[in-house]
Amino acid sequence: MTDSANMVLMVATVLFALGLVGVLTRKNVVFMLISVEVMLNAAGMAFIAAGSKWQQPDGQVMFLFILAMAAAEVSVGLALVLQIYHQHKTMDVEDLKELKD
Amino acid sequence: MNSLLAYIPALPLLGFIILSLFGRRSPKPVIAWVGAGTVCLAALITIAVGVAFMQSTPANGAYSQLLWSWFRVGALSVDINLRVDALTLVFIFIITFVGALIHIYSAFFMWHDRDMARFFASMNLFVCSMLLLVMADNLVLLYLGWEGVGLCSYLLIGFWYEVPSNSRAANKAFLITRIGDTALLIGLFLLFKELGTLNMNAIQQQAPQHFTTGSADIVLITVLLLVGGMGKSAQMPLQTWLPDAMAGPSPVSALIHAATMVTAGVYLIARMHGLFLLSPVTMAIVAIVGAVTLLVAGCSALAQTDIKRILAYSTISQIGYMFLALGVGAWSAAIFHFFTHAFFKALLFLAAGVVIEALHHEHNIFRMGGLRKRMPEVFITFLAGAAALSALPLVTAGFFSKDAILWYSWSSAGGTSVLWFMALVGAFITALYSTRLMLVVFWGEMRTPVHQQPDRGMVIPLIILAFFSITAGFIEWPHNMLHLSLFSDHVQQVLPATVMKRDLPSEWLFQAIATVITLTGVYIGYMLYYGKSGVRWQQSPPLAATRDFFFSGWKFDQLYNFLFVKPFLFLTRVNKSDVIDKLYNGIAQAGLRLNGWFSVSQNGSLRLYIVGVLAGILFIITLQLLL
C-alpha cells in the first residue's frame with residue numbers, strides 16, 4: 001500500500017515537473033495555460049494518493065475542489081487569452097510586456 | 001465701593017467694543033463722545049473710589065472685587081479679581097485722570113483723521129489693559145494687562161501704517177519689549193514653581209519664609225522680573241525702542257510712552273517689593289540700571305533735534321530716576337516721581353503735538369522758534385512742563401519728587417555717593433536740555449510760520465495738566481522744610497518705609513547743591529542757546545563727533561545691529577536650505593531610490609515572474625528542510 005502511494009506521488013511529481021517546465025519554456029499563452037492545468041492535476045493526484053494512504057475522504061474532496069477551481073480558472077483564463085489575441089494579434093508572452101513599469 | 005471697581009476697566013472696554021464694531025459707520029461726534037466719554041466716566045468713578053478710600057481705609061487696606069474664576073488647573077487657580085490698595089489707587093488715578101485729559105485732547109487732535117474710530121478703539125483698549133495691569137490681584141491677570149498694553153502700544157505706534165518707517169518702529173517696539181516680556185514670563189513660571197501661587201498677597205506673605213535672603217533662586221527670579229520691567233520701561237539695555245516709538249500720534253506718546261505704560265516696570269518692581277527686598281544684589285542692579293540709563297538717555301536728549309525724540313529720551317531718563325529710587329529702597333519717592341512725571345511729561349507731549357500741528361508737521365526744533373508771542377497759551381503751559389522737568393526749586397512738582405530721589409540716593413541704606421553723583425549730573429543735563437528745548441522752540445526768530453491756532457478743547461487739557469505740573473508736588477515736602485507728607489503716608493500703607501543710613505549730613509546741604517546744579521544747567525543752556533541757534537556743537541570735530549554719538553542714542557542701534565541682526569542674517573544666509581529639511585528630504589530620496597531598484601523586477605515578463613515564484617517556493621522549502 002505504501003509503495004503504491006509512493007509510486008503515485010512520484011508520478012504526480014513528474015507530472016508537476018512537466019507542467020512547470022511547460023510554463024517556463026512555452027511562449028504560447030494557450031500552452032502555458034495547459035501546463036498550469038497539468039500542474040493542478042499533479043497536485044490533485046497527490047491529494048488522492050494521500051487520501052487513500054490514510055483512508056480519509058478529504059483527499060477526494062480536495063480533488064473535487066481543485067476540479068471546480070480549475071474549470072473556473074480555465075474559463076477566465078481562456079477569456080483573457082481571447083481578449084489578448086483580439087488586442088495584440090499574438091499569443092507570444094514575450095510580446096506582451098505592457099505591464100512593465 | 002467694592003462693586004464699583006469693575007466699572008473702571010469695563011467702561012473703556014465697552015468703548016473699545018462699540019468703536020471696533022460700529023466705529024467705521026459712526027459719525028465723528030459719536031466716536032469722540034464714546035472714546036473720550038468712557039474714559040472720563042472711568043476717571044469719575046476712580047475719583048469717587050479714591051475719595052472713599054481716603055475717608056476710611058477699607059479692611060485689609062484694599063478694596064477688592066471678585067468677578068469670576070478665570071481657570072483652575074491642579075493647584076493653580078486664577079481669578080479675575082480686582083484689588084485696589086493705596087499703590088494701585090495712585091496708578092489708576094493717573095491712568096484714568098491723565099488718560100481722560102489726553103482723550104479729550106485727542107478728540108480735537110484726531111478730528112481730521114479718517115481712522116479716528118480705530119484710534120479711539122485702540123486707546124480705549126489700552127486704558128482697559130493698563131487698568132487691568134495695575135488692578136490685578138494675581139500675576140497672571142497682571143500679565144494679561146501687560147501683554148494688552150504691549151499690543152495697543154504696537155497698534156498705536158504703527159497707527160499711520162502707510163509710512164513704512166512707522167511700521168518698522170512699531171515692530172521694533174513690539175520685538176524689543178517682547179524680550180522683556182519673555183523674561184517676565186519665565187520669572188513667573190519660576191515663582192509658581194517655588195511658591196505654588198501667583199497671587200500677589202500670597203507671594204508677599206510666603207516669600208520671606210520660603211526664600212533665604214540673597215539665595216540663587218530669589219536672585220534669578222527678581223532679575224527676570226527686572227528684565228521684564230526694563231523692557232516695558234525702556235531701561236538700559238532695552239531702551240532703543242522708545243525714541244522710535246514717537247512715530248505714533250502725539251497723544252499716544254503722551255499717554256502710553258510717557259505717562260502710563262512705560263511706568264509698568266516701576267509698578268511691577270514696587271508691587272513685588274517683598275521679593276526684591278530679599279535680593280540685595282538685584283536691588284543694587286536696579287539702582288545701577290536706573291542711574292546709567294538716566295545719564296545715557298539724558299546725554300542723548302541733549303543732541304536730538306526732533307522735539308518728540310528729545311521728550312522720549314527725557315522720558316527714558318526720568319524713568320531711570322524712578323528705577324534708581326526703587327533700587328535704593330526709596331519706594332514712595334519712586335512712585336511720587338511717577339505721579340508728578342505723568343503730569344508734566346503728558347503736558348509736554350501734548351503741547352509738542354500742538355506745536356507740530358501748528359507748524360505743518362514740523363518736528364525739527366531748529367526750524368521752529370519764536371512761538372512765545374504767537375502761541376501764548378502753549379508757551380505758558382510748555383514752560384510749566386519744562387520747569388517741572390528741569391525741577392526748578394520750590395515752584396514745580398518735579399522739584400519735590402526729584403529732590404527726594406536725589407536725597408535718598410545718598411542717604412538711604414542702599415544709596416551711595418556714586419549713585420547720588422550720577423543722579424546729580426543727570427539733573428544738570430535735564431536742566432540743560434529743557435532750557436535748550438524751551439529757548440530754541442519759543443524764543444529767537446520765527447523760522448516756520450504758524451498756520452493754525454489750537455482748538456480750545458486742546459488747550460484746556462494743557463492748562464489742567466500745567467496746573468498739576470506746578471502744584472502736584474505740594475502734597476509731599478522734604479522733611480526738613482515742612483512736615484507734610486500726604487503722598488508717602490498714603491503709599492506707605494503698601495510700600496515699606498525707606499531705611500536710612502545713620503550720621504547723615506544735613507539735608508539742606510544736598511538741596512542747596514541740587515538747586516545750584518539745576519540753576520547752573522539752566523544758566524549754561526541760556527548762555528548757549530539764547531539768541532543763537534546753538535550751532536556751536538558743530539564747530540570743532542571732537543564736539544561734532546560727540547554730538548553725533550549722542551544723537552544716535554550712544555550707537556545702541558548700531559551695536560545691536562552688529563551683535564544680533566548681522567549674525568542672524570549671516571546664519572540665515574548660510575542656512576538658506578534648512579539643515580533640518582535635509583533629514584526629511586533624505587527619507588523621500590531613499591524611497592525614490594528603492595522604488596527605482598524594485599521597479600526593475602516589474603518588467604512584464606510572465607516567465608520571469610514564474611521563475612521568481614519558483615525561486616521563492618524553493619527557498620521556503622529549503623528553509624523548512626534545513627531548520
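I take a residue as buried if 20 or more other C-beta atoms lie within 10 Å of its own, as exposed if 12 or fewer do, and as partly exposed in between, with C-beta atoms placed from the backbone. Helices (H or I, at least four residues) and strands (E, at least two) are DSSP runs, numbered from the N terminus.

The model I am reading is predicted, so I note that local features need pLDDT of at least 70 and that side-chain atom pairs count only at pLDDT 80 or more, while totals for chains, interfaces and linings use all residues. Residues are numbered from 1 along each chain as its sequence is written, and chains are lettered from A and ligands numbered from 1 in the order in which they are written.

**Helix α10 of chain B**

I looked up how covered helix α10(B), residues 250-259, is, and found that 10 of its 10 residues are buried. Among them are B:P251, B:L255, B:H257 and B:A259. I then listed what these buried residues pack against in chain B, and the list holds α3 (86-109), α4 (116-135), α5 (139-157), α9 (241-244), α14 (307-327) and α15 (331-358).

**Nonpolar cores**

A nonpolar core is here a set of buried Ala, Val, Leu, Ile, Met, Phe, Trp, Tyr and Cys residues joined through C-beta atoms within 7 Å. The largest one has 214 residues, and those touching the most other members are B:L324, B:A325, B:A334, B:A346, B:L350, B:V355 and B:A423. Its largest share, 20 residues, comes from α15(B). Leaving out residues up to four places away in sequence, B:V355 touches B:I307, B:M368, B:L371, B:V378 and B:V441. A second, separate core of five residues includes A:A12, A:A42, A:M45 and A:A46.

**Helices α19 and α22 of chain B**

For this pair I used axes that are lines fitted to C-alpha atoms, for helices over the stretch in contact, with angles running from 0 to 180 degrees between N-to-C directions. Helix α19(B) (417-442) and helix α22(B) (507-529) pack at an angle of about 35°, and their axes are 8 Å apart. The contact includes B:L424, B:F428 and B:R436 of α19(B), and B:I517, B:G521 and B:Y529 of α22(B).

**Hairpin of chain B**

I counted strands as paired if DSSP finds at least two bridges between them. Strands β1(B) (62-73) and β2(B) (76-85) run antiparallel and are joined by 10 bridges, and B:R72 has B:S77 as its bridge partner in β2(B). Two residues lie between the strands of this hairpin, where B:G74 takes a positive phi near 55°.

**Backbone exceptions**

Most residues other than glycine have a negative phi, and most peptide bonds are trans. I noted a cis peptide bond between B:M236 and B:P237, with omega about -5°, and placed B:P237 in the loop between α8 (216-232) and α9 of chain B. B:L394 has a positive phi near 70° and sits in the loop between α17 (376-389) and α18 (397-411) of chain B; B:L394 counts as partly exposed because it has 13 C-beta neighbours inside 10 Å. B:K555 has a positive phi near 60° and is found in the loop between α23 (541-551) and α24 (556-574) of chain B; with 14 other C-beta atoms within 10 Å, B:K555 is partly exposed.

Terms used:
Two residues are in contact if their C-beta atoms, placed from the backbone, lie within 7 Å.
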